[in-house]
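Me: I am new to this structure and would like to understand the words used for it. Could you show it to me?

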Amino acid sequence: MLSETIGKVPLKYYQETPKGRIRAEPSKITRLLTVRPNTIMTPTTLWTTTEMNCQHYGNGYIWMRGTFEREKYGGHYKVLDLWPMQANCVTVYMDDVGVFGGKGKLYYQYNDPKTGEQYLFRSSEVMHFKTWYSLNGIMGKSVREILQDTVGGALESQNFMNNLYRQGLSASMALQYVGDLEESKIKALQKKFADKLSGPKNAGRVIPVPIGLQLTPLKMNLTDAQFFELKKYSALQIAGAFGIKPNQLNDYEKSSYANSEAQQQAFLTDTMLVILKGLEEELASKLLTSEELQQGYFFKFNVDVVLRATFSERMEGYAKARQNGWLSANDIRGKEDMPHIPEEDGGNAYLINGNMIPLKVAMEGGSQNAKTQEQETEWFQVLYPKSDR
C-alpha cells in the first residue's frame, strides 16, 4: 500500500519567485526523476522499489551514477542515471578517523548480489531514505523489527490454526479406562485412536470404543480461544504500525462511506506526508546545487491524486473558485489535463461574483465611475448656471 501510493503520486519541479510559485523549466535531473531514471526502469518502478526496501529493511538507497567534471559543470557532480540498491546488500560506514579521506562523512558499501563485487560510494553519490523510526538519525529501523514479538505471536497462532485444520478441527481427547495398563499397551492405544481421529479424512467419523474405555473430548472451540479475533487483531495492529487504515485492508466493520473518506484523509496526513517530506528533502539536498536552492527551486509531490474527488465534487469546487476570482479557466483545465483556452479568448481571465466581469475591469470600475460622475457634474453646472436654476 505504501509503495503503490508513493508510485502513483507525481513529482513536480517548482520555483519560488517574488510573484509566487511557478512550474520550473525541466532540467536533466527532472527528466531522470519523471521520465526515465535509467535504461530499464520507469519512475514508478524506481519509487515503489525504493519504498519497499525502506519499509522492509528500514532504509532505502538510490545510487546516482555520474561523473565529476570540474571545468564544464563548475565542480558539480553530473548525474547520468539513477539506480535503486538492495538495502540488505548495503553497509553504511561513518568514517570518524578519515580512513577514506573524508573524516566525519558517511560512506556506502554495496555488495553486488549477482557478481559478488564490492563498491564504495560517497554520501554525495547516494540518496538515503529511512523510516520514521531511528535511534541515531543515520539508520532507520523497519516496522518488522519493531513488531518482532507481535509478528512472532501471530505466526505461532497461525501454526496452531494450521495444525488444527490438519486434524479436521478436532481437539485432543482423553481416553479413560478401568484398571492399570502397561506402558507399551498405553502407547498402542494412543496410536490406534490417534490414527482414527486425526486428519481431515477422519473428520465426522464414528469411532467404535470397546467396553471399559471412554473417549472424552477436551472442550475447546475457536470462539472461546478467540483465535479469529487474535488473527484479526494482529493484522490490524501490524497495519496500524505501517500507518495503514482499516478500510485499506477491506475491513469495513466499523466503516462507512463518510468515515472511509476521513480515513483516507488521515492516511495522507498521518502516514504519507512525513514520508513524502523526507523524500523531497533528500532530493533537494542531493540533486540541487546551492545556487538552485538560493534561486528557490524545489521538488514537490502532488498529493491531489490521493484525495481526488468525484467529478461532481470537483466541478462544484471549481465553480466556487472560478466565481470568487482565484482560479481562471486555464487553471481549472490544467488540473483536468485539458488544453488551455487562448489568452485572447479570456482563458487566463480571473472573474468575480456579480456580473462575472474580469477582475481588472472591476478594480478600475470604481475610479471610472467617480470620474464620469465628476464630468457630469461639471457639464451640469455649465448648462445650468446657479442664476437659471
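This is a predicted model: local features need pLDDT of at least 70, side-chain atom pairs count only at pLDDT 80 or more; totals for chains, interfaces and linings use all residues.

Me: What makes Trp63 and Phe121 a stacked pair?

Reply: Rings of Phe, Tyr and Trp (its six-membered ring) pair if their centres lie within 6.5 Å; planes under 30 degrees apart count as stacked, over 60 as edge-to-face and the rest as tilted. The ring centres of Trp63 and Phe121 are 4.9 Å apart and their planes meet at 25 degrees, so the pair is stacked. Trp63 belongs to strand E3 (residues 59-68) and Phe121 to strand E7 (residues 118-122), so the pair ties together parts 58 residues apart in sequence. Strands here are DSSP runs (E, at least two residues), as helices are (H or I, at least four), numbered from the N terminus.

Me: Why is Phe121 called buried?

Reply: Buried means under 20% relative accessible area, exposed over 50%, and partly exposed in between (1.4 Å probe, protein chains only). Phe121 has 8%, so Phe121 is buried. Trp63, at 23%, counts as partly exposed.

Me: How do you know that Tyr119 and Phe121 are stacked?

Reply: Their centres are 6.3 Å apart, with 0 degrees between the planes, and the pair is stacked. Tyr119 has 33% relative accessibility, so Tyr119 counts as partly exposed.

Me: What makes E2 and E11 edge strands?

Reply: Two strands pair if DSSP finds at least two bridges between them. Three strands form an open sheet in the order E2-E1-E11, with antiparallel pairing. E2 and E11 each have a single partner strand, so one side of each is left without a neighbour in the sheet. E1 and E11 pair over five bridges, and Tyr13 stands opposite Phe299 in E11.

Me: What makes a space a pocket, and which residues lie nearest the centre of the largest pocket?

Reply: On a 1 Å grid over the protein atoms alone, a pocket is an open set of points with protein on both sides within 12 Å along at least five of seven lines, and lining residues have an atom within 4 Å of a point. The largest pocket is lined by 34 residues, with Tyr14, Asn302, Asp304, Val305 and Lys335 nearest its centre. H11 gives the largest share of that lining, five residues.

Key
Residues are numbered from 1 along each chain as its sequence is written. Side-chain values use heavy atoms; hydrogens and water are left out. On a 1 Å grid over the protein atoms alone, a cavity is a set of points where a 1.4 Å probe fits but cannot get out, and a pocket is an open set with protein on both sides within 12 Å along at least five of seven lines; lining residues have an atom within 4 Å of a point.
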